[in-house]
Amino acid sequence: MIVSTILVCLVCIESPGIPAISIEPALPGRSFREPVQVLSMPGTSDAVTVVERGGRVLNAPFDPASEQTILLDLRGRLTTRNSEEGLLSIAFHPKWPESPHLYVYRSRKSPRRTVLSRFSSMKPDGSIDVEKEEVLLEIEQPWGNHNGGTVLFGPDGMLYLSVGDGGAANDPHGAGQRLDTLLGKVLRLDVSAVGEQRPYTIPADNPFTETEGARPEIWATGLRNVWRMSFDPKTGALWAGDVGQNAWEEVDIIKRGGNYGWNEREGSHPFQPTGGDAGRFIEPVFEYGRNLGGSITGGSVYRGDLYPSMDGLYIFGDYMSGRLWAIQQNADGAFQTRDITPKDRRFPSSFGVAPDGTILMCAFSGPYQRTGRIVRLVPRAGSDISP
Ligand SMILES: [Ca+2]
Ligand SMILES: [Ca+2]
């Protein structure tokens with residue numbers, strides 16, 4: 001009886017099916033100044049693109065003997081005054097390089113705001129001409145923190161952008177639950193055409209286009225600060241890590257018109273509840289408390305061919321504790337999670353996908369370090385079938 005109870009508990013904790021993970025250098029010999037994003041340039045298999053908070057976007061070859069090049073240099077054209085400000089995210093047009101459009105989300109000052117821009121002109125040296133900037137969207141930022149954000153294209157060809165609640169603490173303006181502000185949201189824009197009132201158009205199936213007083217760009221609400229989000233390239237699910245206030249970090253799957261609770265809720269727990277039907281909020285897929293971390297970094301889903309044991313795993317981590325987790329959705333729809341923190345702990349600012357599908361991580365030796373490296377996450381040798 002005792003033995004069987006122990007066995008049942010082991011199954012709960014170890015989540016068979018999710019392999020243990022090791023960290024390996026992805027770009028040996030290269031380090032970066034505050035790397036905040038790593039991604040693949042469409043059509044390029046011998047390098048990855050690394051975004052530095054200070055304003056540079058670098059093309060970094062896997063071959064240590066090849067020189068890295070600067071794709072974009074926005075130094076002097078942004079602010080990094082708050083540690084959450086700077087060059088926050090970029091997205092290549094899905095048809096790059098035939099459609100040479102780079103979408104960029106960054107912080108600016110005077111007035112303090114975040115800016116979504118498009119750069120489409122290359123200079124003869126292969127770098128982007130920063131003088132030819134098209135500003136698509138500017139969002140006033142009442143405080144320096146909680147700016148989000150990830151910009152990326154969905155499988156539907158639309159551009160998605162996560163925007164934080166504006167900052168300070170506790171969402172003093174109640175931005176998360178308001179529909180008349182872009183703060184505290186995931187937005188969805190059609191950037192393939194210019195509209196009459198905006199340099200983009202509103203997709204006809206956005207959820208609040210008919211709602212009085214609502215910003216039609218809104219795709220999902222009630223989010224505090226989605227620093228990182230990504231699509232599962234197979235299922236199209238939009239996975240997000242929403243950074244918590246004092247107690248709970250959460251993983252969400254972002255759905256059309258979904259309300260993720262902030263600031264009435266933090267994770268699945270009441271924060272500043274106003275009453276009403278709690279069923280209007282979408283529960284997190286996973287949450288963890290301050291004993292396990294202090295700032296979630298949303299991750300990526302593995303869909304590569306190299307490691308079948310990792311297929312479908314959503315891998316993410318915590319910037320303050322260096323813990324990593326993998327979430328797997330079972331055939332019955334239920335989620336199971338495994339702590340995959342390697343012995344050699346690294347602190348993630350972002351995750352991305354290499355050209356061969358491998359999950360990459362911008363990794364620091366501790367939180368708030370200036371220099372980081374790019375590592376890759378692979379099944380630990382001998383533990384492919386675990387435990
Ligand atoms: Ca802000
Ligand atoms: Ca929430």
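**View 1. The second largest pocket and the residues at its middle.** Lining this pocket are 28 residues, and S83, E84, S295, Y319 and Y368 lie nearest its centre. A pocket here is an open set of points on a 1 Å grid over the protein atoms alone, where a 1.4 Å probe fits, with protein on both sides within 12 Å along at least five of seven lines; lining residues have an atom within 4 Å of a point. Its volume, the space filled by probe spheres set on the points, is about 620 Å³. The lining divides into 11 nonpolar, 12 polar and 5 charged residues.

The model you are looking at is predicted, and its local features need pLDDT of at least 70. Residues are numbered from 1 along each chain as its sequence is written.

**View 2. The largest pocket.** This one has a volume of about 870 Å³. Among its 33 lining residues, L39, S40, L152, F153 and V353 lie nearest the centre. The lining holds 20 nonpolar, 12 polar and 1 charged residue.

**View 3. The calcium ion (ligand 1) and its donors.** Find Q141 (OE1), W143 (O), N145 (O), N147 (OD1) and G166 (O), which coordinate the ion at 2.3 to 2.5 Å. Donors are N, O and S atoms within 2.8 Å of the metal (3.2 Å for Na, K and Ca); water is not among the atoms, so sites may look incomplete. Along the chain, the donors follow the spacing Q-x1-W-x1-N-x1-N-x18-G.

Key. Chains lettered and ligands numbered in written order. Predicted model: local features only at pLDDT ≥ 70, side-chain atom pairs only at ≥ 80, totals over all residues. Heavy atoms only, no water. Nonpolar A, V, L, I, M, F, W, Y, C, P; charged D, E, K, R; others polar.
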